[in-house]
Structure formats: structure tokens, C-alpha cells
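Hi there,

Here is the structure I promised to pass on to you. Have a look at it first, and then read on for what turned up in it.

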Amino acid sequence: GQSWAYTGKEGENSWATKYSFCGGVYQSPLDFHGSILQYDSTLKPIQLYGYNASSTDYFTVSNNGHTVSVSLPPSMYIEIPPFRYIAAQLHFHWGSLAGHEGSEHCIGGKRFPAEMHIVHYNSKYVDIGTAMEVADGLAVLGILIEVGSFNPAYENIISQLAHIKFKGQKFNIPGFNVRHLVPERLDEYYRYEGSLTTPPCNPSVLWSVFRNPVFISEEQLHLLETALYCTDQNSSAPVEMTDNYRTLQQEGDRLVSVSFRE
Ligand SMILES: NS(=O)(=O)c1cc(-c2ccccc2)cc(-c2ccccc2)c1
Ligand SMILES: [Zn+2]
């Protein structure tokens with residue numbers, strides 16, 4: 001489709017001219033801060049199914065010019081009663097060597113080094129394109145990423161980035177257990193109604209952002225921040241893929257439900 005970027009003429013302040021939802025309501029990401037949080041005792045632990053993909057399955061890792069995405073099999077899904085949401089793909093948002101802060105959601109004003117999104121669509125819709133167009137179509141899991149010790153699960157993806165340095169490149173990798181990319185506590189998360197954080201910014205996402213971050217090493221983060229380009233292999237003006245996160249949006253009259261007390 002049309003082009004957009006995170007900086008320059010086609011940066012996020014111009015998204016709304018080409019993608020009207022981006023200037024609309026219920027936009028994401030948000031900063032999870034005291035005054036908009038509300039404890040909700042009815043929020044149950046997120047239920048993951050089929051996340052332990054077999055190594056005979058394969059995932060396709062792609063550079064789409066804006067992020068690195070990993071295709072996921074429809075045998076993977078989550079249940080958020082009363083609906084089942086089928087996995088589609090996961091992808092990342094990160095910063096740069098300069099800033100090292102590239103998460104989209106923030107907690108109490110703290111931006112994390114990076115964030116991973118696992119995108120699912122409501123099984124009541126025939127396909128993801130249809131689901132994107134309706135308010136209850138998508139459910140995205142947000143995983144905040146902190147710097148800590150080396151993470152072998154994330155290495156499954158990070159070790160492949162050299163194969164997809166340029167826009168349009170894809171590479172198949174053996175399936176692995178995606179559960180190991182997700183924090184331990186599936187019962188502690190922030191929940192709100194929001195949107196895609198990239199154009200076309202459809203307000204069709206039920207967000208669940210886990211309270212606890214996962215950890216990757218400084219070297220793994222450095223690779224994520226330096227390996228990829230937004231441009232294709234033949235470009236005469238290569239553009240590094242960094243700072244691919246959207247700024248914080250207005251919560252409007254929205255509250256964010258939290259599944260934990262303190
Ligand atoms: N950040 S996000 O979670 O809101 C998101 C979801 C989906 C998405 C993916 C499949 C089905 C439906 C929605 C795609 C992107 C995206 C990121 C970079 C470039 C282009 C698209 C981002
Ligand atoms: Zn995302």
C-alpha cells in the first residue's frame with residue numbers, strides 16, 4: 001500500500017492524511033499511569049494454546065520495511081472469553097544505539113528498550129482482513145523487553161536477522177516454543193480497547209500488555225537495533241530501521257483495566 005514512515009515527511013504526524021483512523025479515537029499506544037488504571041477482578045489469566053510449535057513446523061521471518069515479523073501457524077491461538085483469537089504473526093518495536101528506548105506502551109512514564117507484539121484475530125471472522133475492519137476483530141499481546149541476561153528463546157529470531165537485512169527479504173526458520181517468548185505471569189496484564197499502532201491504525205484491537213517484562217542481553221538488543229534496513233537491497237540511500245515505535249496517544253475517556261492489585 002501507500003508508504004509511511006516513523007520519521008520525515010511521511011512520519012506519524014502525516015499518517016492521518018493518508019490513513020484517517022490514525023487521527024481518530026481509541027488510538028494506541030498508551031502510558032499506563034495511576035489515574036487511568038482500574039483493578040478488574042474479572043480479568044482471568046491469558047490462555048495460550050498451541051504455542052509450543054514443533055520444530056518440524058517452520059516460521060517465516062520477514063523484513064517488511066518497518067519491522068521484523070514472524071508468521072505464526074493457525075494452530076496457535078488464545079482464548080479471552082467469550083472469544084478465541086487465532087495467531088497471525090509477531091513483530092517488534094525498538095529504539096536505537098542513541099536512545100535504547102523503543103517500546104510503544106509505557107508504564108508510569110517509563111519507556112522500555114523494546115516491545116514485541118503477538119497479533120491474533122477473532123475466530124468468528126473468516127480472515128484477518130475482515131477482522132481488522134471490525135471493533136472486536138483483533139487481540140494483540142504486548143510483551144515489554146528489558147536488558148538483562150542472554151535469552152535463548154529470543155535468539156531463535158535475533159540470530160536470523162542477518163538473512164533479512166533488507167525490505168522484502170524473507171527466511172524460513174524451524175518452529176520453536178513461542179511460550180518461552182512470553183513472561184511467566186500470564187495473570188498480570190494491562191487491558192484496554194485500542195488500535196493498530198501502525199497505519200492504517202484500525203481501532204479494532206483488544207490490547208493485553210503483560211505487567212512483567214522479558215529480558216534479553218545488551219548484545220541481543222544491539223543486534224535488533226543495528227541489523228535491519230527499511231530500504232531494499234538495491235537502494236542507493238540505505239535507511240536504518242531504528243526507533244520504529246509510535247508516540248504515546250491520548251487516552252480520551254478510556255480507562256485501562258489491570259488484572260493485579262499491587
Ligand atoms: N503494532 S501492531 O500490533 O498494532 C501491528 C499489527 C499488524 C497486524 C498484522 C497482522 C494482522 C493485523 C495487524 C501489523 C503491524 C505492522 C507493523 C509494521 C509494518 C506493517 C504492519 C503492526
Ligand atoms: Zn506492533
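**What turned up**

Ser217 is buried, because its relative accessible area is 5% and the cut-off for buried is under 20%. Before going further, please keep in mind that this is a predicted model. Ser217 sits in the loop that links strand S15 (214-216) to helix H4 (218-226). Leaving aside residues up to four places away in sequence, Ser217 is in contact with Val147, Gly148, Ser149 and Phe150.

**Another buried loop residue**

Gly137 is also a loop residue, placed between helix H2 (128-132) and strand S11 (138-147). With a relative accessible area of 0%, Gly137 is buried. What does Gly137 touch, not counting residues up to four places away in sequence? The contacts of Gly137 are Tyr85, His120, Tyr121, Asn122, Tyr125, Ala131 and Ser204. There is also a pair to look at here: Gly137 and Pro203 are separated by 66 residues in sequence, yet their C-alpha atoms are 9.4 Å apart in space.

**The zinc site**

Which protein atoms are the donors of the zinc ion (ligand 2)? They are NE2 of His91, NE2 of His93 and ND1 of His117, lying 2.0 Å from the ion. Along the sequence, the donor residues follow the spacing H-x1-H-x23-H. The site of the zinc ion (ligand 2) is tetrahedral, with angles of 102 to 115 degrees among its four donor atoms. For reference, the ideal angle for four tetrahedral donors is 109.5 degrees. As for accessibility, His91 and His93 are both buried.

**Strands and how they pair**

As you will know, strands of a sheet pair through backbone hydrogen bonds, in either the parallel or the antiparallel sense. One open sheet here has three strands in the order S1-S8-S9, with mixed pairing. Its edge strands are strand S1 (31-32) and strand S9 (110-111), each of which pairs on one side only. Two bridges connect S1 with strand S8 (residues 106-107), and this pairing is parallel. Opposite Phe32 stands Ile107 in S8.

Elsewhere, strand S4 (residues 58-63) and strand S5 (residues 68-71) run antiparallel and are joined by three bridges. Val61 has Val70 of S5 opposite it. S4 and S5 make a hairpin with four residues between them, and Gly65 in the turn has a positive phi of about 90 degrees. S5 also pairs with strand S7 (residues 83-94), again through three bridges and in the antiparallel sense.

**The largest pocket**

The largest pocket holds about 440 Å³ of space. Its lining is made up of 22 residues, and those nearest its centre are Gln89, His91, Leu196, Thr198 and Pro199.

The elements supplying at least two residues each are S7, strand S10 (114-122), H2, S11 and strand S14 (205-210).

**Backbone points to check**

Most residues other than glycine have a negative phi, and most peptide bonds are trans. Here are some exceptions in this model.

- The peptide bond from Ser28 to Pro29 is cis, its omega being near 10 degrees. Pro29 belongs to the loop between helix H1 (15-18) and S1.
- The peptide bond from Pro199 to Pro200 is cis too, with omega near 10 degrees. Pro200 is in the loop between strand S13 (189-194) and S14.
- Tyr26 has a positive phi, near 60 degrees, while not being a glycine. Tyr26 lies in the loop between H1 and S1, and with a relative accessible area of 36% Tyr26 is partly exposed.
- Asp243, which is not a glycine either, has a positive phi of about 50 degrees. Asp243 is placed in the loop between H4 and strand S16 (256-258), and its 26% relative accessibility makes Asp243 partly exposed.

Best wishes

Technical notes. Residues numbered from 1 in each chain as written. Chains lettered and ligands numbered in written order. Predicted model: local features only at pLDDT ≥ 70, side-chain atom pairs only at ≥ 80, totals over all residues. Heavy atoms only, no water. Buried < 20%, exposed > 50% of the residue type's maximum accessible area, 1.4 Å probe, protein only. Contact = heavy atoms within 4.5 Å. Donors = N, O, S within 2.8 Å, 3.2 Å for Na, K, Ca; no water. Tetrahedral: all angles 85-135°; square planar, octahedral: opposite > 155°, others 65-115°. Pairing = 2+ DSSP bridges. 1 Å grid on protein atoms, 1.4 Å probe; cavity = no way out; pocket = protein on both sides within 12 Å on 5 of 7 lines; lining within 4 Å. Points joined across faces, edges and corners; volume = space filled by probe spheres on them.
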